[in-house]
Amino acid sequence: MSESDLADQSPQVPAALLKKLTQEVSKRRTFGIIAHPDAGKTTLTEKILLYAGCVDEAGAVRGKKSQRAARSDWMKMEQERGVSVTATCLSFDFQGYRLNLLDTPGHQDFSEDTYRTLNAVDAAVMVVDAVRGIETQTIKLFKICVERKVPILTFVNKMDRPGSDPLGVLTQIEEVLGIDASTMNWPIGVGADFRGLVNRETGEVLKFSQVQRGAVEVPVERTHLDETENDVYPPEVMQELKDEIELLEGAGAPFDLERFLSGELTPVFYGSALTNFGVEQFLHRFLELAPPPLGRESDAGPVSPTDPDFSGLVFKVQANLDPRHRDRVAFVRVCSGQFQRDMDVTNTRTDERISISRSHQLFAQEREMVQEAFAGDVIGIVNPGKIRLGDTLCVGPNFEYLARWNYAPECFIRIRCLDTSKRKQFTRGIEQLIEEGAIQMLQDDRTSAFEPVLGAVGELQFDVVQFRLEAEYSTPTRVDRLGYELGRWVHNESFDPEQFKLPMGSRIMTDQTDSPMILFENEWSYNYCRDQNPELLMRTNRPGEYGSGE
Ligand SMILES: Nc1nc2c(ncn2[C@@H]2O[C@H](COP(=O)(O)OP(=O)(O)OP(=O)(O)O)[C@@H](O)[C@H]2O)c(=O)[nH]1
Ligand SMILES: [Mg+2]
C-alpha cells in the first residue's frame, strides 16, 4: 500500500502530523511466523535476525552446550526441550523498516498463545517442512489467518533434507489449504544436492556455499538464466534448469499482489533455515510484499493506523520475561496514533487512567526503553496489575478492539504446593500464570487456595506451570490429573444449577473471574447435558467476552 493510500484513511488529521504518522506507519512490518511443531519457525527467526544484522552469529535451536542457545526460545524450559512454549516478540530495524517479528509456538497445547498473537499481526509467514508437507497444526493456523484476512507468505523449509519434494508441497498447499500458490523461486537440487535457487521473477540464478551450522551469512554466487555460459554452474545444469523452469509455467498460479494482500494467494519461497540458503532472498522480498499496518475493527467502527489518538491492544501478558526484573509485561500492539513514553492512557475495560511509566521495545527477553512507537509496533509495558489480556488502551474516545482471548479447557488437574513455607510464592505464581491466559483456576466448596483445580487446553501447559513454579517462584508442586475432558462456561444470567439436569460425574466450578463453568467427564456427557437442557447456555468462551463460543 502506498503512503497516499494510507493517508486517505484519515482525512481530518493536521497535515504535518498525518505526514509523520503516515511515514512511520508505512515503515512498519508486523508479522507472525506460524507452523506445525518443528517446521523450523525459531530457526528461521534466528536466521532472519542474522541477515538483518541484529546478531553476529545465529544461535542453533537445539544447540549443544558450547553453542549459544536460540534467542527466540528464551525460556529455560524452551531451551532444555528445544520446543517453543510461548510467543516471542523481536523488534528491530532493517533497511529503513521497523520489523516486529512474532515467533509462535507450534505445539497444539500452546496454540492459544499463537491464536492470541495472530490478533497482533498484519501478515503471517507460514513455514512448511519440505519433507512432511502440510501438517495438522499448520492447517488450523492457516484457517485462522484466512478468517482474519491476514495475508500469508510461505517458506518451504528444510530443502536440504533428503526426500524434500518442492512440487509435491506446492500441490499440497493448493489442494489441502485451498489457496492459490505462486512459486517466487525454485530450488536447484534437493536434499544433500540443494545448493541454489532461481528467482522466478527476475531470472537470477544463485549458488550458495555451505558454512558451518549456518552460523554466519553464506557466500552467494550469482548468474542469470539467460547466461548459459558462466562460472557458476556448468552449461548442462543451466540448460536443465531452463527446461525445468519452463515446465513450471503450468504449476501454481501467477503472482498477483492484490490477490496476495486479500488472502487469495500465497507466494511460495524455498530454502533451508538451517543452512541459511534462501533466507536472505526471502527476507528482502518479504519486506516488499508484506503490508504495512492497516485499519482495525473496534466496537466503535474501524480505526485507522494514522488516527492521531494513540490506541493499543494487549494481546499477551508474560510474567518474569526478564528474571532480573521479575515483573509482568503486557505486550501491546500499537494500533493507532503515536505512543510516547510516560503517557497516560485509559484502560477502556475499567475506564481507569493508567500512567505508563515503563515501556520497552522487546527483543525476546531483552528490552530497551522506548521513547515513541507507532501503529504496528509491539511494545512491552510493565504491568502495574491494572492491565489484562485483551484490554484496549487509548487516549481518545473509549472503544474496544474485539478479539477472542480465552479458550475452553480440555484437561484438568489439582495442583498442590509441596512446601508449606512457599505458600505465598505458590499463590503469587499461580495468580501470575493465570494472568497470562494459558490456565484457568477453578474453585468450588471442595477446593482450597493451596490445592486449586487448574484447567488448560493442552496437557503440556501443566508441565510448563510446574516447571515455571519451580524455576521462577522456587515452589515445588505435585499435580493430580482429574477425570474431566471438557469444560464449558455457562452464559445464563444468574445461573442456578438446581434448575437443570446435570449428568452424573459433572462438576460445577467458578473460574478466577467468578464465571461458572461445568466440567464434564467426556464429550458424550456434555452432549447429553446439552440435549437434556436446551435452556442451558454452555459456551467455549467466557461470559462477556467477544465471540459466539458455540
Ligand atoms: N535439516 C534441517 N533442519 C532444520 C531446518 N530448520 C530447522 N531445522 C531443525 O528442525 C528442528 C526444529 O526447529 P525449530 O526451529 O525449533 O522448529 P519450530 O518450528 O520453531 O518448533 P516449535 O516452536 O517447537 O513449534 C531443529 O532441530 C532444527 O535444527 C532446515 O532447514 N533443515
Ligand atoms: Mg519454535
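**Strands, helices and a ligand shell**

Tutor: Let's start with one pair: tryptophan 186 stands opposite valine 198 in strand 8. Before going on, this is a predicted model, in which local features need pLDDT of at least 70 and side-chain atom pairs count only at pLDDT 80 or more, while totals for chains, interfaces and linings use all residues. Residues are numbered from 1 along each chain as its sequence is written, chains are lettered from A and ligands numbered from 1 in the order in which they are written.

Student: How many bridges join strand 7 to strand 8?

Tutor: In general, strands of a sheet pair through backbone hydrogen bonds, either parallel or antiparallel. Strands here are DSSP runs of E, at least two residues, and helices are runs of H or I, at least four, numbered from the N terminus; two strands pair if DSSP finds at least two bridges between them. Strand 7 (residues 185-188) and strand 8 (residues 196-199) run antiparallel, with four bridges.

Student: And what does valine 198 pair with in strand 9?

Tutor: Valine 205 is its bridge partner there. Strand 8 and strand 9 (residues 204-208) are antiparallel too, over three bridges. They form a hairpin with four residues between them, and glycine 203 in the turn has a positive phi of about 80°.

Student: What is the strand order in the open sheet of four strands?

Tutor: Read it as 25-26-24-27, with antiparallel pairing. Strand 25 (439-442) and strand 27 (477-481) are the edges, each pairing on one side only. Strand 25 joins strand 26 (residues 453-456) through four bridges, and glutamine 440 has glycine 455 as its partner.

Student: At what angle do the axes of helix 11 and helix 12 cross?

Tutor: Axes are lines fitted to C-alpha atoms, for helices over the stretch in contact, and angles run from 0 to 180 degrees between N-to-C directions. Helix 11 (residues 423-435) and helix 12 (residues 460-473) cross at roughly 125°, their axes coming within 10 Å. The two helices are therefore oblique to each other (under 35 degrees is roughly parallel, over 145 roughly antiparallel, 65 to 115 roughly perpendicular, the rest oblique). Residues in contact, meaning C-beta atoms, placed from the backbone, within 7 Å, include Phe426 and Leu433 of helix 11 and Val465 and Leu469 of helix 12.

Student: Which residues come nearest to ligand 1?

Tutor: Gly40, Thr42, Ser84, Gly106 and Leu274, of the 23 around ligand 1. A residue is near if its C-beta atom, placed from the backbone, lies within 6 Å. Helix 3 (residues 41-51) gives the most to this shell, three residues.

Technical notes:
Contact = placed C-beta atoms within 7 Å.
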